[in-house]
Amino acid sequence: MAKQSCSQKPYAHIEHPLYEGAWIVLILVSLVPYTLYHVLLHLLSIASQVLSGDKSHSKITFLRRLTIVLPRYVTTHVTYGQTQFLLGPPLRVVRLWGLIQGIKWHAVELNEQDASDQIARLVFLGPPPTESEKVIMYIPGGGYVNPITPNMLSFWLWVQSQLDGVRVCVLLYHLRPSSAFPAPLVDAILALQYIKSLHIPPENIQIAGDSAGGHLVLQVMAVLAGTMKIPTLSLPFRAGQKLGGVLLMSPWVCLGRDEVNGWDDRYDTLAKETYSSWGAEYLNDVKTSDFFGPPMEAPLLAAFTDPHLAASSPNYFSFLPLVTSRILVTSGERESMGLSGAHKQLVASLRLDGEHKSGKDLTVRMLTQSEGVHGDPMIEFVWWFRGLGQGWGAGMAEEVVDWLRVGFA
């Protein structure tokens with residue numbers, strides 16, 4: 001098994017568990033008046049629309065408002081160390097979700113427990129696939145620091161229910177700060193090697209990632225094309241073998257502090273300071289890693305920092321047709337990276353404009369959800385008692401499923 005690069009034991013940054021626990025409780029208690037405050041704001045908004053006779057303004061439901069503001073409040077006031085301390089290992093989240101949903105899942109360990117006490121796992125939402133089935137490997141976001149959340153699992157369980165003969169698996173990769181770069185990248189390649197061992201051909205595999213998971217997917221594609229090399233691992237596929245598709249949902253493509261500071265983040269689920277802090281710490285791991293050998297070349301570092309601007313590095317994305325013929329990028333109209341144009345720049349960096357066009361070897365499509373935010377449409381599944389048909393992102397979710405279905409046709 002490949003060794004993972006790690007720095008310290010999990011939660012070693014939690015020096016005083018009682019203090020940290022008390023702070024978390026205080027923040028959770030403070031959510032009550034914070035929620036009541038937004039109840040008042042919502043009622044005032046409705047009253048204003050009624051009095052003004054304005055019917056053009058979008059009718060944001062109260063649950064939708066909470067879906068946006070609560071994650072922002074928590075991530076602003078609770079550190080990722082406290083979040084890890086509260087939720088525990090990612091597999092614990094899966095266990096609790098499976099218990100509540102009544103879902104049987106199957107986990108495969110991709111490596112042995114190392115000095116960080118973490119184990120990367122590939123979790124199938126149901127039994128492992130057979131040779132005749134097709135696979136979607138989903139890489140969750142979280143800034144490389146936060147464990148997977150139940151709404152992500154619920155969204156992909158719904159996707160799986162819409163596609164016949166398709167099995168979804170979720171990669172639970174090593175998280176910072178207990179493990180550093182390139183541990184998540186190594187985990188992703190090991191996961192593809194395992195899927196290959198099930199005798200599933202590349203054309204029957206699609207890879208999806210949201211936020212930081214989308215950032216990691218771009219690295220995976222570079223490794224598969226041979227642009228980025230992992231000395232200790234062999235590639236899971238032969239040259240010329242292509243994946244059925246690559247899905248990037250609200251991909252985190254701006255890790256550089258300078259650009260993030262200029263964002264308009266008024267409507268998003270995460271504050272720009274949160275993006276900036278997580279990005280700076282991850283990039284520090286990349287810069288200090290000896291994975292690529294010192295010094296890291298500027299074009300390669302730029303691909304980690306701001307992949308949406310990689311067009312400035314001549315033909316950086318020219319490797320993509322070697323890996324897949326289909327890419328879908330989704331974005332929210334109101335998310336920071338949507339408002340800043342970063343996601344459209346990413347699509348432009350793939351040598352296509354922001355709309356659906358076909359090239360000789362690569363088809364790239366972009367979907368933008370009206371008034372969507374970071375993580376749409378998955379955040380609709382935070383409220384598990386609502387059907388997707390009632391949700392804000394129903395249209396986007398259905399288009400994503402249709403796109404995945406075509407990739408398996």
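Helix α4, spanning residues 90-101, comprises 12 residues and extends 17 Å from its first C-alpha to its last, close to the 16 Å expected at 1.5 Å a residue, where the expected span is 1.5 Å times one less than the number of residues. The structure is a predicted model, in which local features need pLDDT of at least 70 and side-chain atom pairs count only at pLDDT 80 or more, while totals for chains, interfaces and linings use all residues. Residues are numbered from 1 along each chain as its sequence is written, and side-chain values use heavy atoms, with hydrogens and water left out.

Within α4, Pro-90, Leu-91, Val-93, Val-94, Trp-97 and Gly-98 are buried, that is, under 20% relative accessible area with a 1.4 Å probe and protein chains only, whereas exposed denotes over 50%. Viewed down the axis of α4, these buried residues fall within an arc of 150°, so they line one face of the helix; the arc is that of the directions from the helix axis to the C-beta atoms. Leu-96, Leu-99 and Ile-100 are exposed on the other side of α4. The cover over the buried residues of α4 includes the helices α3 (80-87) and α5 (150-162), together with the strands β1 (106-109), β2 (121-124) and β4 (166-172). After α4 comes Gly-102, with a positive phi near 70°.

The protein chain contains 14 helices and nine strands, assigned as DSSP runs (helices H or I, at least four residues; strands E, at least two) and numbered from the N terminus. Of its 409 residues, 56% are buried.

Terms used:
Contact = heavy atoms within 4.5 Å.
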